[in-house]
Amino acid sequence: MSGDMVAMKNYSVAPELFGLLECGFPFLMDNETLYSWCARFHRLACLLDARSTAKLLFGDIRIKNIHDFPGNLEFLCHATNGKLGSIDNLLLKHTMLSFYKPFLSSEIYLQIRAAMLAGEVSVVHRRLGLGKCGWLVPAPLKICPKCMIEDESEYQVAYWHHEHQWPSVHVCPYHCEPLLIAHDFLHQNSVHGWWLPRDVPNSGWHYPKQLSFACKNTLIDLSQWTSKLILWDGVSLTDNILRFCYLLQAKKSNLVALDGSLRFQILCNEFWGVYQCIANQPGMEFIQNTKMSQGGFLMHLIRNYKGRRHPIKHILMMNFLYDDPSQFFLHFVEVHDVFVNDGVDGVRRMLLDTRRKVREMITEQGLSLNAVASSIGLTTGVIVRFAKQSGIEYRRRPRLLTKEKEFELNRLLADGEKLPNIAKVLDLSVKCIRAYLTLHPDLRKIFQIRMKGRDKLIRRLHFMNIMEINPNLPIKRIRKIPGNGFEWLYRNDIEWLKQYLPKIWSR
């Protein structure tokens, strides 16, 4: 029996179209792309010419090389008597439109829907902004080797999985294994026919290199984010509201100054630190531009530039700023409601409310600037500058270094204690302590030696303490706790980290 014959149902369909299928009508599997179904039909119908299959199914020979946004779907549904499901079912479950829909307004979505029904593929690409994304193939064909084996075992044929084709998915959601990605030249030549995964020659794939733990974990996170976003059925995730969501969430990580301005270079550096491990993945090379002075696409996500941003860029930013999709969805709804009710001014007030809080803490509560800085999560220097610029009177901290305090200062420095900790214990500024070390070079040498020797142990104990305080948090949430130390240990103390957290290395 032919491989595709297992995936059959005996439908009664138009004899002029399917009379040549003696084995019955191939049903469209739940997670199969429409292009994949057409490739299976092409084989079952024994049509040697891909143009004939395109003409038969779509009424247009040009459809043969469109695997992501096939057109003339109205013709296809009529020709198959609707046996493949409704038009919207085909659009959202078997083409790449499902990946873009959460980010489209209802008006734009209806325009794209109409274009795909009519076969106006150029309109689809233009409305999605794919002509400017810089990719030769916006959604190259991808496959999981393990899924191929399982499909052939169950259906006797490997097919193209819908969820594998989403641009931000590079690992299989089921096996957590890297996907094989088809070369660009394959799409320029091979996809002019109806090809299934086993038809692709070995030279037609990007074979993934051995992925590091950080790289694989990051790709898994992006895959999980994508799966959740595809299911979003709330208001459209439009660029103008997403921009404010990012700014407000960045503010929680002290990436926004008191005046509402973004600390853009710091954001770029931290973003690159998270994603540099995947910047050489096929289709992810654009991430490398974020380490440049202009910040690459990050500038366009944050600033109010015209145009449409590719969803994969939004997904990267969401994963960077938020702990998980549920946190993002709640925040988006909150910002959206403020935007609808109070407009842009209402959202901007949310960005600047820290200024009001700082003023109240100084003038009404009488707190010291150091206490305000600790409460807000900013440095004392930032609070001092704000107080001076705003003309706010504040209580100054005494700077006298008594004999008792100097004795304790020498002891802490000789023990290699961190300067911020010493400053907090002795109520001194870090700047004052550094000046003291400059005046005492022998003590400074002892301090540097002790710091170097204790650093690894301190970081281990600090990380262990965080893990003990948060026993139920997954490692991803732990890594997003400010100053958690995981990345430093991963780079400098990997063997200890493997012994302390053996389970996470088996993913």
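When I call a residue buried, I mean that its relative accessible area is under 20%, and please keep in mind that what we are looking at is a predicted model.

Let me begin with the cysteines. Cysteine 172 is buried, with a relative accessible area of 0%, and cysteine 77 is buried as well, at 12%. Is either of them tied up in a disulfide, or what does a search of the whole structure find? That search finds zero disulfides. Cysteine 172 has the sulfur of cysteine 147 as its nearest cysteine sulfur, at 3.6 Å, and because a disulfide is counted for sulfur atoms within 2.5 Å, cysteine 172 is in no disulfide.

Next, helix H5, which runs over residues 87–94 and in which Ile87, Leu90, Leu91 and His94 are buried. These residues cover an arc of only 120° around the axis, and therefore they lie on the same side of H5. What, then, covers the buried residues of H5? The cover includes helix H2 (34–44), helix H4 (73–79), helix H6 (97–100) and helix H7 (106–118).

Finally, the sheet. Three strands form an open sheet in the order E3-E4-E5, and their pairing is antiparallel. Strand E3 (142–143) and strand E5 (205–206) are at the edges, where each has a single partner strand, so one side of each is left without a neighbour in the sheet. Strand E4, residues 180–182, pairs with E5 in the antiparallel sense over two bridges, and in this part of the sheet isoleucine 181 stands opposite histidine 206 of E5.

Terms used:
Residues numbered from 1 in each chain as written. Predicted model: local features only at pLDDT ≥ 70, side-chain atom pairs only at ≥ 80, totals over all residues. Heavy atoms only, no water. Pairing = 2+ DSSP bridges. Helix = DSSP H or I, 4+ residues; strand = E, 2+ residues; numbered from the N terminus. Buried < 20%, exposed > 50% of the residue type's maximum accessible area, 1.4 Å probe, protein only. Arc of directions from axis to C-beta. Contact = heavy atoms within 4.5 Å.
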